Amino acid sequence: MSSNARTRADSSFDERSARSAQYAKGMERLVGAVRELSMARDVDTIRAIVRRVARELTGADGATFVLRDDDRCYYVDEDAIGPLWKGLRFPMTSCISGWSMLHREAVAIEDIYRDDRIPHDAYRPTFVKSLAMVPIRLEAPIGAIGNYWAEPHKASEGELKLLQALADSTSVALENVQVYGELEKRVQQRTSELEAANRELEAFSYSVSHDLRAPLRAVDGFSAALAEDYADKLDDTGRMHLERVRAGAQRMGALIDDLLSLSKITRTPIRDDSLDLSMLAAKVLDDLRAREPDRRVEVEIAPSLLARGDERLVTIALENLLGNAWKFTSKQPVGTIAVGREESDVGTAFFVRDNGAGFDPTRSRGMFAPFQRFHRASEFEGTGIGLATVQRIITRHGGRIWAHSEEGAGATFFFTLTPAT
Ligand SMILES: Nc1ncnc2c1ncn2[C@@H]1O[C@H](COP(=O)(O)OP(=O)(O)OP(=O)(O)O)[C@@H](O)[C@H]1O
Ligand SMILES: [Mg+2]
């Protein structure tokens, strides 16, 4: 072999090995880019990834990211040794990205000035001598990715494959963004529909409760009058019926009052006080004890249970939770009630625990809905509005509430609030 031939062989060997090293590097970049693209949630992120990766894949001197904008090619972004056409729009029929999209084909051009598909005037101010262009999405392309070289370069099949693989992942990512956008829009629409429905329901229950009060007062008042003025004309059964009418009317009045106070909780704005739940709980339990001094109840309150929230509303929540604990331990020889703090899946949670009647966890669905009760009124009295109130208060504070129990083995109610600062 002559020394000339050897040099040629060596240089083509060098060139081949440089190309395969670049290909390996490109593959590696591609894998990373595919992963990044799969997590992109908006077009700007996709654009930033494509802009960075398109050039690195092949080691080209420049890369562009083009999106179809009706019948125009919009050069959205670029990364190159000199300025290209970022921000410009060209008709689909007079630029190579448009050609690639219209023909749904990758294209490699070694000498752009000898190819009629190229608008030479647009290229003259640039460094570009050679290029490769691949469409994004072969079915109905939505854009294209271009690579440019300052020296004559014939893009290899490997380079085109890398670029096409990037374009394919970009197309999936763009479609995902559209789907996410659509989903988000639907969620927002649903949420505002729900909010509107909720507001309507609130207003409805408020006005119904209000309107019901007047006829109810009439029922109660007139049956009281009947009982007083016509007592001698009624026999025992008649008087008993009348008593039942009055008791029913009074109970309904109490239900309406509860409903009204529940809807008030949803309406009043939330204050941001610093709270000491240990102190608030102690006060509530003192009041409970004062009302039933003969009950034997052991109380354990962890110190410094600090949080932020509306003191008035959180006190109402504690009154209901501790009131329940007090009530449902009433059949125990010695009741125990503990208030404390514990780590949970959703962060630090406060709890109110008792050793009372408990409830069957399999039957406790809807426990926090108004008027849901799991014990007979003859066993434990109540309307079933307490936990609905507590839940509203906690969720209005952005917290969560849940309960654990076993029937006959006490109950624990957990809730979260904004931590103290
Ligand atoms: N600490 C508890 N132990 C056992 N069961 C409970 C406890 N707290 C609540 N429950 C169950 O959940 C139901 C709903 O509680 P909620 O506080 O809403 O209503 P209530 O206490 O029955 O009535 P109200 O609070 O309106 O006077 C109760 O009737 C009871 O069945
Ligand atoms: Mg209650």
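This is a predicted model: local features need pLDDT of at least 70, side-chain atom pairs count only at pLDDT 80 or more; totals for chains, interfaces and linings use all residues.
Asp69 stands opposite Arg72 in strand E2. Strand E1 covers residues 62–69 and strand E2 covers residues 72–80. The two run antiparallel and share eight bridges. Together E1 and E2 make a hairpin, with two residues between them. Asp70 sits in the turn and has a positive phi of about 55°.

E2 also pairs with strand E3, residues 89–91. The pairing is again antiparallel, here over three bridges. One of the contacts to look for is Cys73, whose bridge partner in E3 is Phe90.

A search of the whole structure finds one cavity of 30 Å³ or more. The largest cavity holds about 60 Å³ of space.

H3 spans residues 96–103. Six of its eight residues are buried, so H3 is largely enclosed by the rest of the structure. What covers them? Just after H3 comes Arg104, with a positive phi of about 50°.

Now turn to the nonpolar cores. The largest has 35 residues. Those with the most contacts inside this core are Leu277, Leu318, Leu322, Phe413, Phe415 and Leu417. Six elements each supply at least two of its residues: helix H7 (277–291), helix H8 (311–328), strand E10 (335–344), strand E11 (347–354), helix H9 (386–396) and strand E13 (411–415). H8 gives the most, with eight residues. Take Leu318 as an example. Beyond its neighbours within four places in sequence, Leu318 is in contact with Leu277, Leu280, Ala281, Val284, Gly323 and Phe415. A second, separate core has 29 residues, including Leu30, Ile46, Trp149 and Leu166.

Next comes a sheet. Three strands form an open sheet in the order E7-E9-E14, with antiparallel pairing. Strand E7 (273–276) and strand E14 (418–419) stand at the edges, each with a single partner strand, so one side of each has no neighbour in the sheet. E7 pairs with strand E9, residues 306–309, over four bridges. Asp276 has Leu306 in E9 as its bridge partner.

The last stop is the loop between E11 and H9, where Phe368 is found. Is Phe368 buried or exposed? Its relative accessibility is 15%, so Phe368 counts as buried; the cut-off for buried is under 20%. Which residues does Phe368 touch, leaving aside its neighbours within four places in sequence? Phe368 is in contact with Leu387, Ala388, Gln391, Ile401, Trp402, Ala403 and Phe413. Of these, Phe413 is also among the residues with the most contacts inside the largest core. The chain returns to Phe368 at Gly386 as well: 18 residues lie along the chain from one to the other, and their C-alpha atoms are separated by 8.4 Å.

Terms used:
Residues are numbered from 1 along each chain as its sequence is written. Chains are lettered from A and ligands numbered from 1 in the order in which they are written. Side-chain values use heavy atoms; hydrogens and water are left out. On a 1 Å grid over the protein atoms alone, a cavity is a set of points where a 1.4 Å probe fits but cannot get out, and a pocket is an open set with protein on both sides within 12 Å along at least five of seven lines; lining residues have an atom within 4 Å of a point. Grid points are joined across faces, edges and corners, and a volume is the space filled by probe spheres set on the points. A nonpolar core is a set of buried Ala, Val, Leu, Ile, Met, Phe, Trp, Tyr and Cys residues joined through side-chain atoms within 4.5 Å. Buried means under 20% relative accessible area, exposed over 50%, partly exposed in between (1.4 Å probe, protein chains only). Contact means heavy atoms within 4.5 Å. Two strands pair if DSSP finds at least two bridges between them.
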